Amino acid sequence: MTGPVLSFLGETHCELGPAADASGHPWRHGEADGIHWLVLDCEGSSVNTVSEQVLTGLDAALDQIGTPRALVIRSAKPAGFAAGADIDSFNDMRDQGAAALLQQGHAVLDRLEALDCPTIAIVHGAALGAGFEIALACDHRIAIDGAKFGFPEVNLGLHPGLGGSFRLTRLIDPTEAMTLMLTGKSAHTAKAERLGIVDAVTEERHVAAAVAAIAEGENDRPEPGLKSRAFRIEAARSYAAGRMRSETEKKAPRAHYPAPYALIDIWEKYGDDRDRMQKAEIESFADLLDSETSRNLRRVFFLRQRLKAETRGADGISHVHVIGAGAMGAEIAAWAAIQGKQVTLGDVKLAPLGQAVKAAAQTCRDKHLSSGETRDALDRLMPDPRGYGLARADLVIEAAPEDADLKSGIYREVGKKLKDGAILASNTSSLRLETLKDGVADPTRFAGLHFFNPVSRMQLVEVVRLETTDDAVLRRLAAFCGAIDRLPVRVADAPGFLVNRALTPYLMEAMVLMDEGIDKEVIDRAALDFGMPMGPVALADQVGLDIGLHVATSLSEALDKPMPPISQRLRDKVEAGETGKKAGKGFYDWSDGTPHPQAEDAPPEDLTDRLILPMLDACVACLRKGVARSADEVDGAMIFATGFAPFRGGPMHYARTRGHAEIADRLDTLAERHGPRFAADRGWREM
């Protein structure tokens with residue numbers, strides 16, 4: 001997609017005007033055939049973000065356009081239209097008076113909307129948040145295939161703040177508009193056209209013709225349909241709003257995530273009155289900006305940016321060979337191929353290789369890849385039962401079963417075939433790399449790459465270092481994570497590394513609680529109420545009870561501190577083949593999909609702390625022992641690998657908010673009641 005965009009911009013460079021001037025003005029002007037072009041090009045960045053400078057610049061640019069036949073707005077960035085607001089500026093907005101600044105921004109977009117000539121947004125790539133709101137202020141939107149539109153503000157504890165709430169609900173079916181804003185999901189090209197967000201989808205070479213057609217009045221927008229008109233009645237909106245609240249509560253409880261409910265309230269009350277809805281949007285956004293939820297979710301955004309910063313630099317990896325076409329190996333291979341790597345996938349059996357290719361095709365569909373992109377991704381994924389790819393690979397990822405002898409044997413064979421400079425990485429989740437390295441030909445080029453299942457959705461990868469691992473290898477592996485759109489966190493080789501070391505006590509304590517007679521629904525409901533995305537019993541089922549048992553056994557043997565005793569009920573489930581979601585049954589029956597536990601009984605007073613505090617204690621131990629490098633990296637790892645309550649800002653941030661001394665005291669109290677596995681790590685007293 002970027003090639004045609006660059007080609008078009010290059011061919012019409014003079015038409016679109018000069019590059020940004022020395023003052024950093026973000027808008028470029030151009031005119032051809034009476035049509036004025038405004039091109040957004042934020043200086044010093046590969047993507048456009050909408051800042052105060054962009055909006056004031058747009059206001060100044062509108063002073064200069066005269067009376068054209070049409071005005072076109074588009075981006076000069078190959079990456080896309082605009083990625084949304086400049087989140088760095090949000091704290092300044094709070095300090096300077098967010099409502100007043102928002103009113104100024106609204107005035108600019110209102111001015112754009114009120115122009116006499118047709119206004120057209122040409123969108124390639126992403127138009128998100130405030131970028132989408134600029135496009136919505138135009139009369140028409142033309143999408144280049146591959147474009148996507150969305151309002152991710154809900155992920156920052158906010159809702160649209162520059163007119164998105166009233167412009168989108170008046171443009172398309174209001175329930176569809178509200179769904180986009182409440183979920184933060186994107187509408188890709190075909191869906192955007194179906195919903196009516198865009199007037200047309202075209203290829204880059206046909207953009208000029210599409211613009212000319214609109215300038216000539218050949219593309220009138222349809223009138224709102226019956227359903228849209230019906231929602232001008234408050235009673236209809238109230239009924240729909242009730243359903244929206246009910247659905248939202250299932251995933252984002254009002255107590256933790258106020259933004260979706262604020263948006264629903266605004267639409268329900270003022271959906272038939274644009275001016276009042278605009279005023280309410282501004283006031284609500286300003287209030288939410290100062291909420292604890294939004295502050296913590298913005299913190300999560302910056303944690304992501306910090307982990308992304310670890311991926312800078314070239315990875316030098318074009319060919320990846322994955323050993324093992326089981327669930328993890330197949331996912332790793334498919335994802336690397338989708339992200340542009342040449343991949344060979346080896347296995348001793350043919351059937352898993354065929355299943356892996358089918359699963360890769362499904363992942364392409366799930367990620368909304370075009371037919372051409374899907375074809376190219378599958379062409380890059382080569383089943384390789386004889387292991388021919390080993391000799392060509394820059395990176396070999398071993399994803400064999402969790403058996404130390406098996407893995408060491410693989411390494412001895414692999415070492416005979418690797419080319420000079422190739423990196424060998426293990427995806428082991430529970431075995432110490434130190435116990436595996438004896439089979440490795442060159443320990444300086446051996447490390448861990450611990451992915452989480454499913455790879456296509458779980459963003460984090462633990463990059464595990466041994467004392468023998470070369471620093472350059474670790475940098476290349478971190479860069480590789482970035483190249484395949486994943487977030488690396490560097491950790492030391494230790495039992496369970498970081499994430500499993502922290503997560504396993506949480507899962508195993510849930511088993512102990514069940515053995516004490518507490519219903520699994522009560523346990524899971526308590527975790528959900530705390531803010532976890534899934535309760536520990538359901539999560540154990542999803543991970544796989546056999547895998548959980550293996551990790552728990554391994555950690556119990558390797559750690560000095562006691563782990564929760566391994567439940568006989570867990571052992572019996574694994575022995576019976578009831579290993580969770582993949583088997584259709586574990587502690588829950590998964591035949592009807594993901595369970596949604598509802599609990600009638602109140603949980604015991606200490607239940608939530610029994611689940612959550614051992615997780616925090618393990619994080620503190622990992623920091624003290626140097627397994628993790630910083631509290632921020634711990635927070636990022638636990639959020640992006642386990643979904644730890646994002647609105648709390650991460651486990652270490654939650655600990656700071658609650659108080660280190662209070663948590664240490666509470667752990668010691670739990671230890672008196674339930675045993676030494678709860679004893680506070682000495683790291684609490686050292687923080």
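I first wrote down that buried means under 20% relative accessible area, exposed over 50%, and partly exposed in between (1.4 Å probe, protein chains only). I noted that this is a predicted model, in which local features need pLDDT of at least 70 and side-chain atom pairs count only at pLDDT 80 or more, while totals for chains, interfaces and linings use all residues. Residues are numbered from 1 along each chain as its sequence is written, and side-chain values use heavy atoms, with hydrogens and water left out.

I looked up R194 and found it in helix α9 (residues 189-195), where helices are DSSP runs of H or I with at least four residues, numbered from the N terminus. R194 counts as exposed because its relative accessibility is 59%.

I then turned to salt bridges, each being a side-chain nitrogen of Lys or Arg within 4 Å of a carboxyl oxygen of Asp or Glu; the structure holds 52 of them. D515 and R569 form one, at 3.7 Å from N to O, and this pair links distant parts of the chain, with D515 in helix α21 and R569 in helix α25, 54 residues apart.

I next checked R525 and D529, whose closest N and O atoms are 3.3 Å apart in a salt bridge. Both lie in helix α22 (residues 520-530), 4 residues apart, which is about one turn of the helix. R525 is partly exposed at 22% relative accessibility, and D529 is also partly exposed, at 45%.

Technical notes: Helices (H or I, at least four residues) and strands (E, at least two) are DSSP runs, numbered from the N terminus.
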